Amino acid sequence: MTLTADTPASTTLDLGSARALSCRECGHQTPLAAEFACPQCFGPLEIAYDFPQVTRESIESGPKSIWRYKDLLPVPADVQSFPNTEPGFTRLIQADRLAAELGVRKLWVKDDTGNPTHSFKDRVVAVALAAARELGFSVLCCPSTGNLANAVAAAAARAGWDSVVLIPSSLEQAKITTTAVYGGTLLAVDGNYDDVNRLATELAAEHEEWAFVNVNVRPYYAEGSKTLGYEVAEQLGWRLPDQIVVPVASGSQLTKVDKGFGEFVKLGLVDEKPYKIFGAQATGCSPVASAFEEGHDFIQPVRPDTIARSLAIGNPADGPYVLDSVRRTGGAVGHVTDEEVVEGIRLLARTEGVFAETAGGVTVATAKKLIEAGKIDPDAETVLLITGDGLKTLDAVSAHARPTATVPSTSKAVREALEGR
Ligand SMILES: *Cc1c(COP(=O)(O)O)cnc(C)c1O
Ligand SMILES: [Zn+2]
């Protein structure tokens with residue numbers, strides 16, 4: 001076949017089993033391209049697939065990264081031949097000591113601090129980079145509350161691409177350092193995340209070689225979060241959990257974990273069974289939790305004010321779809337104060353040896369609250385998604401994490417200090 005200028009883009013692209021872009025609202029389909037809004041109704045576009053035959057065995061024989069699921073992602077078949085960060089296949093730990101503290105029978109922690117830049121954002125960025133390359137982009141960009149900035153700057157560095165990262169100027173110093181170190185252009189913007197996001201949308205329209213991972217290539221990017229759902233199911237021994245608690249910023253991750261579970265059922269990789277999805281937010285930025293509590297289908301945007309900056313999106317794009325997933329499965333969306341977030345971080349650290357950032361504190365503290373409220377069943381199995389590393393938000397706990405004592409270098413002084421504990 002000869003390709004002519006007006007051949008639809010999707011016939012010339014290798015994006016694996018991805019077949020088209022499909023509108024979440026009206027179902028209208030358009031060819032695979034760097035589009036994110038439906039040309040008919042402006043609804044968000046999602047990837048539609050023709051999945052090939054995959055088996056537990058074919059997945060298990062794949063690499064120990066998200067690329068073991070590459071047949072279920074919008075990436076080229078040869079995705080591994082191009083330098084990328086190879087995130088994923090992080091550990092799922094049985095959290096017996098935390099379970100005992102929370103009064104539940106069986107609890108698991110999915111520890112996504114183990115990714116290359118220490119948050120789940122490496123998953124979505126790796127997929128966005130692979131798709132963006134196939135779509136003809138050459139610069140990797142994002143507006144970010146921090147973790148995405150790290151992941152984009154690192155992935156671009158590894159791929160030899162330029163990057164342009166936009167952050168609110170008030171961001172934690174640690175997240176600025178851990179982005180700037182990878183090189184690339186880092187712009188601190190006066191304003192909050194929602195201002196930065198608006199600016200990114202404007203810039204994406206002006207620079208056609210710039211792939212803003214979470215704006216103009218968002219349908220591809222978002223699919224990366226499915227791998228969290230896939231991995232939880234595979235690591236539980238090819239079955240779905242009863243309940244899962246997911247932190248909510250834009251809400252993309254939560255909806256894609258749900259989508260991932262559903263695809264595994266459809267592909268016959270796990271047995272169908274009921275599961276409940278719970279969302280977790282910080283009270284200082286809880287527009288989805290508010291809508292859930294008030295029984296609304298729409299999200300009233302808020303001005304964020306919380307230490308959980310990685311979740312501080314006041315106008316969450318996927319908020320309504322979070323409500324759909326949570327209500328359909330019989331879950332809930334809870335929220336916790338900044339003090340409870342700090343307590344959640346400390347509780348997880350002292351019971352399981354996992355040091356999470358504030359988003360992890362939100363997840364643990366919200367789980368605690370939902371257990372106490374009787375919304376999470378203590379007798380059913382629960383998975384907590386711990387999506388980012390505490391080393392990036394040291395300020396949150398530094399006041400509580402001090403030496404037990406400062407002593408002279410004598411055993412007598414140590415004895416006295418131990419007695420005085
Ligand atoms: C971005 C982020 C989230 C939430 O992601 P959304 O898909 O936007 O809801 C959760 N945890 C951490 C650590 C993040 O950086
Ligand atoms: Zn539409």
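Helices here are DSSP runs of H or I with at least four residues, strands are runs of E with at least two, and both are numbered from the N terminus. What you're looking at is a predicted model, where local features need pLDDT of at least 70, side-chain atom pairs count only at pLDDT 80 or more, and totals for chains, interfaces and linings use all residues. Residues are numbered from 1 along each chain as its sequence is written, chains are lettered from A and ligands numbered from 1 in written order, and side-chain values use heavy atoms, with hydrogens and water left out.

**On the surface**

Val407 sits in the loop between strand S13 (382-386) and helix H14 (411-419). Val407 counts as partly exposed because its relative accessibility is 39%; buried means under 20% relative accessible area, exposed over 50%, and partly exposed in between (1.4 Å probe, protein chains only). Together with Val414 and Leu418, Val407 makes a nonpolar surface patch of about 230 Å². Such patches are made of residues with over 30% relative accessible area and no salt bridge, with nonpolar side chains (Val, Leu, Ile, Met, Phe, Trp, Tyr) joined within 5 Å and like charges within 9 Å.

**Around the ligand**

Ligand 1 has 16 residues around it, and Lys121, Asn147, Ser250, Gln253 and Thr387 come nearest; to be near, a residue needs a heavy atom within 4 Å. By class, that shell has six nonpolar, eight polar and two charged residues. A polar side-chain atom of Thr387 lies 2.6 Å from a nitrogen atom of the ligand. Asn147 places a polar side-chain atom 2.8 Å from a ligand oxygen, and a backbone N or O atom of Gly251 is also 2.8 Å from an oxygen atom of ligand 1. Taken alone, ligand 1 exposes 380 Å², and the protein buries 97% of that; these areas come from the Shrake-Rupley method with a 1.4 Å probe.

**Salt bridges**

Side chains of opposite charge can pair when their charged atoms come close. A salt bridge here is a side-chain nitrogen of Lys or Arg within 4 Å of a carboxyl oxygen of Asp or Glu, and by this rule the count comes to 29.

| Pair | Closest N to O |
|---|---|
| Arg123 and Glu231 | 2.8 Å |

Arg123 in helix H3 and Glu231 in helix H8 are 108 residues apart, so to speak a link between distant parts of the chain. Both Arg123 and Glu231 are buried. Arg123 also has a polar contact of 3.0 Å, side chain to side chain, with Thr227 (a pair of N or O atoms within 3.5 Å; within protein, one must be able to donate a hydrogen and the other to accept it, and residues adjacent in sequence count only if both atoms are side-chain atoms).

Lys175 and Glu357 are both buried too. Glu343 and Arg346 both lie in helix H12, three residues apart, about one turn of the helix. Glu343 is partly exposed because its relative accessibility is 40%, and Arg346 is partly exposed at 30%. Elsewhere, salt bridges that share partners join Arg24, Glu46, Glu223, Lys226, Lys256, Lys259 and Glu263 into one network. Of these, Lys256 lies in helix H9 (residues 252-266) and counts as buried, at 5% relative accessibility.

Key: Ala, Val, Leu, Ile, Met, Phe, Trp, Tyr, Cys and Pro count as nonpolar, Asp, Glu, Lys and Arg as charged, and the others, Gly among them, as polar.
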